[in-house]
Amino acid sequence: MTPLVRKLASEHAVDLASVKGTGVGGRIRKQDVLAAAEAAKAPAPAAPAAAAAPAAKAPAQEASPLRGQTVKMTRMRKVIGDNMMKALHGQAQLSSVVEVDITKLMRLRGRAKDAFAAREGVKLSPMPFFVKAAAQALKAHPVINARINEDEGTITYFDSENIGIAVDSEKGLMTPVIKGAGDLNIAGIAKATADLAAKVRASKITPDELAGATFTISNTGSRGALFDTIIVPPNQVAILGIGATVKRPVVVDHPELGETIAVRHMTYLTLSYDHRLVDGADAARYLTAVKAILEAGEFEVDLGL
């Protein structure tokens, strides 16, 4: 190559070893250097676009055969309706809500669920943890686990935690009762819940198993609701609603790192209560107690960990 070609290659930062000469005998010419310089300036070919994730499809919504029909109200539906109207008309009801970080609880459940199912014969859902926490807090806050005896003008503070669990069935909402829930461990609550729910859905539940609740829990989040303004049942003064558990970024106060943002499992707890007996401060104290138990997540002994 000529000195002019070397100088031109230096000016354009062209590596002559990578240039193929088109002159006689493979000699690198001025045109070859300029072509290499232009090629270096050209933008790199774009990488092939990543395949787009398939768009989620909405579930098919088929028209119900009830559409356009007039049917007789079932006895079960009428009983439920009468009880709800009685409760709303006979009580001064309102609701309070707290937000709970159940990340530790969910991780604990993830570690224990397989061994728990093999040992106890039932699945370990989050529900028994909420029932356990609610029952523990009721022992310290008896005003939430009580009944107003209107005719006598008295109040009964119960000495046991008989917790009704709202169960959705084809016939309507039914509330079987876990008797003495405050004395059961996680396994006992899980077995009782599974057994009662199965009986409701198989239409084998007995009147005795539906009676005697002193407090009720409704898992409204099982169908995706963040929270609900549940109605306090007759002869009780409060009901706890459990909202859907969702993962979202939350500001966490770390003891060493200070304030950080982390993805956490969050849920809302709603307490509807009869203001004739339960004040807002009572409701807040109870909800705070349940929240503290759930967030501490100290259930290792119950789970055999």
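Colleague: At what distance does a polar contact join the side chains of aspartate 101 and threonine 103?
Modeller: The model is predicted, and in it aspartate 101 belongs to strand β1, which covers residues 93-101. The polar contact between the side chains of aspartate 101 and threonine 103 has a computed length of 2.5 Å.

Colleague: With which residue does aspartate 101 form a salt bridge?
Modeller: Once its neighbours within four places in sequence are left aside, aspartate 101 is in contact with Arg264, His265, Met266 and Glu295. In the salt bridge, the closest N and O atoms are 2.8 Å apart, and the partner of aspartate 101 is arginine 264.

Colleague: How many residues apart in sequence are the parts that aspartate 101 and arginine 264 tie together?
Modeller: The salt bridge between aspartate 101 and arginine 264 links two strands, because aspartate 101 lies in β1 whereas arginine 264 lies in β11 (residues 258-274). The pair therefore ties together parts whose separation in sequence is 163 residues.

Colleague: Is arginine 264 buried or exposed?
Modeller: The cut-off for a buried residue is under 20% relative accessible area. Aspartate 101 has 17% and therefore falls in that class. Arginine 264 has a relative accessibility of 19%, so this residue also counts as buried.

Colleague: Where do lysine 78 and aspartate 82 both lie?
Modeller: Lysine 78 and aspartate 82 form a salt bridge, with their closest N and O atoms 3.2 Å apart. Lysine 78 counts as partly exposed because its relative accessible area is 48%, and aspartate 82 counts as partly exposed because its relative accessibility is 42%. The two residues are four places apart, about one turn of the helix, and both lie in helix α3 (residues 75-90).

Colleague: What does UniProt list for residues 1-37?
Modeller: Over residues 1-37 the chain is 46% helix and 0% strand, and the C-alpha atoms at its ends are 17 Å apart. The UniProt entry, which is unreviewed, lists this stretch as "domain: Peripheral subunit-binding (PSBD)".

Colleague: Which residues does alanine 37 touch, not counting residues up to four places away in sequence?
Modeller: Alanine 37 has its place in helix α2 (residues 30-41), and it counts as buried because its relative accessibility is 7%. From alanine 37 to aspartate 15 the C-alpha distance is 9.4 Å, although 22 residues separate them in sequence. Beyond four places in sequence, the residues that alanine 37 touches are His12 and Val14.

Colleague: What is the phi of asparagine 235?
Modeller: Most residues other than glycine have a negative phi. Asparagine 235, which lies in the loop between β8 and β9, is exposed because its relative accessible area is 51%. Although asparagine 235 is not a glycine, its phi is positive, at about 65°.

Colleague: What is the accessible area of Val97, Leu226 and Phe227 together?
Modeller: Phenylalanine 227 sits in the loop between β8 (215-218) and β9 (238-242), and it counts as partly exposed because its relative accessibility is 45%. Val97, Leu226 and Phe227 form a nonpolar patch on the surface, and their accessible area together is about 270 Å².

Notes. Residues are numbered from 1 along each chain as its sequence is written. This is a predicted model: local features need pLDDT of at least 70, side-chain atom pairs count only at pLDDT 80 or more; totals for chains, interfaces and linings use all residues. Side-chain values use heavy atoms; hydrogens and water are left out. Patches are made of residues with over 30% relative accessible area and no salt bridge: like charges are joined within 9 Å, nonpolar side chains (Val, Leu, Ile, Met, Phe, Trp, Tyr) within 5 Å. Accessible areas come from the Shrake-Rupley method with a 1.4 Å probe; for residues, only the protein chains shown count as cover. A salt bridge is a side-chain nitrogen of Lys or Arg within 4 Å of a carboxyl oxygen of Asp or Glu. Buried means under 20% relative accessible area, exposed over 50%, partly exposed in between (1.4 Å probe, protein chains only). A polar contact is a pair of N or O atoms within 3.5 Å; within protein, one must be able to donate a hydrogen and the other to accept it, and residues adjacent in sequence count only if both atoms are side-chain atoms. Contact means heavy atoms within 4.5 Å. UniProt positions are given in the numbering used here, feature names are shortened, and annotations may be inferred rather than shown by experiment.
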